[in-house]
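I opened my notebook to look up the sheet, the helices and the pockets. My entries follow below.

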Amino acid sequence: MNTFYPRAEQVPSLWFPLVKKFYQEHYPSGKPNKADPIWVIRHNGKILCAVRLKQYSGVQLLTAMVTEPSHRKTGLGSHLINSIQPALNAMPSYCFAFTHLVPFYSANHFTTICVEMLPEELASRFRAYVAQGRNLTPMCYDFVEKSLNRP
């Protein structure tokens with residue numbers, strides 16, 4: 001991929017209304033929260049991609065990742081995840097991937113895990129989502145482990 005994208009930026013409080021509007025337009029169920037770090041990629045002042053790192057006790061959940069429709073399947077989502085690698089490595093990081101997106105997250109250093117491997121706070125939330133009929137797969141970010149185990 002030869003497309004140039006700027007690096008991700010953590011959203012300051014001042015931008016929150018812009019992020020909220022972006023989510024309302026492109027992913028209404030992905031409600032942003034000022035208390036959690038939100039990362040975006042912008043171009044010419046316009047948000048193209050966003051993700052939230054919901055904070056729990058000593059772990060975080062990558063959630064509400066969304067790309068503006070005209071920029072999907074361009075590598076922008078992968079670029080966003082790679083840009084926030086230091087934040088993902090700062091503490092154990094998980095995601096509940098829609099099952100059809102497991103290949104995307106697998107290509108971006110997430111590994112499928114069983115529900116029992118989730119911290120209890122996340123496991124109970126995961127079970128509740130699945131009980132609501134959501135087709136999700138629990139995953140764990142493992143970039144550090146992969147980089148340490150290379151030959």
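Which elements each supply at least two residues of the lining of the second largest pocket? I found that α1 and β3 do. Helices (H or I, at least four residues) and strands (E, at least two) are DSSP runs, numbered from the N terminus.

I noted that this is a predicted model, where local features need pLDDT of at least 70, side-chain atom pairs count only at pLDDT 80 or more, and totals for chains, interfaces and linings use all residues. Residues are numbered from 1 along each chain as its sequence is written, and side-chain values use heavy atoms, with hydrogens and water left out.

I stayed with the second pocket. A pocket is an open set of points on a 1 Å grid over the protein atoms alone, where a 1.4 Å probe fits, with protein on both sides within 12 Å along at least five of seven lines; lining residues have an atom within 4 Å of a point. Its lining residues include L18, F22 and I47. The largest share, five residues, comes from α1.

Next I looked up the sheet. Seven strands form an open sheet in the order β1-β2-β3-β4-β5-β7-β6, with mixed pairing. Two strands pair if DSSP finds at least two bridges between them. The edge strands, β1 (9–10) and β6 (110–112), each pair on one side only. I saw that β4 (residues 60–67) and β5 (residues 93–98) pair in the parallel sense over three bridges, and that L61 stands opposite Y94 in β5.

Last, I checked the largest pocket. It is lined by 35 residues, and Y27, M65, F98, L101 and Y105 lie nearest its centre. Here β4 gives the largest share, seven residues.
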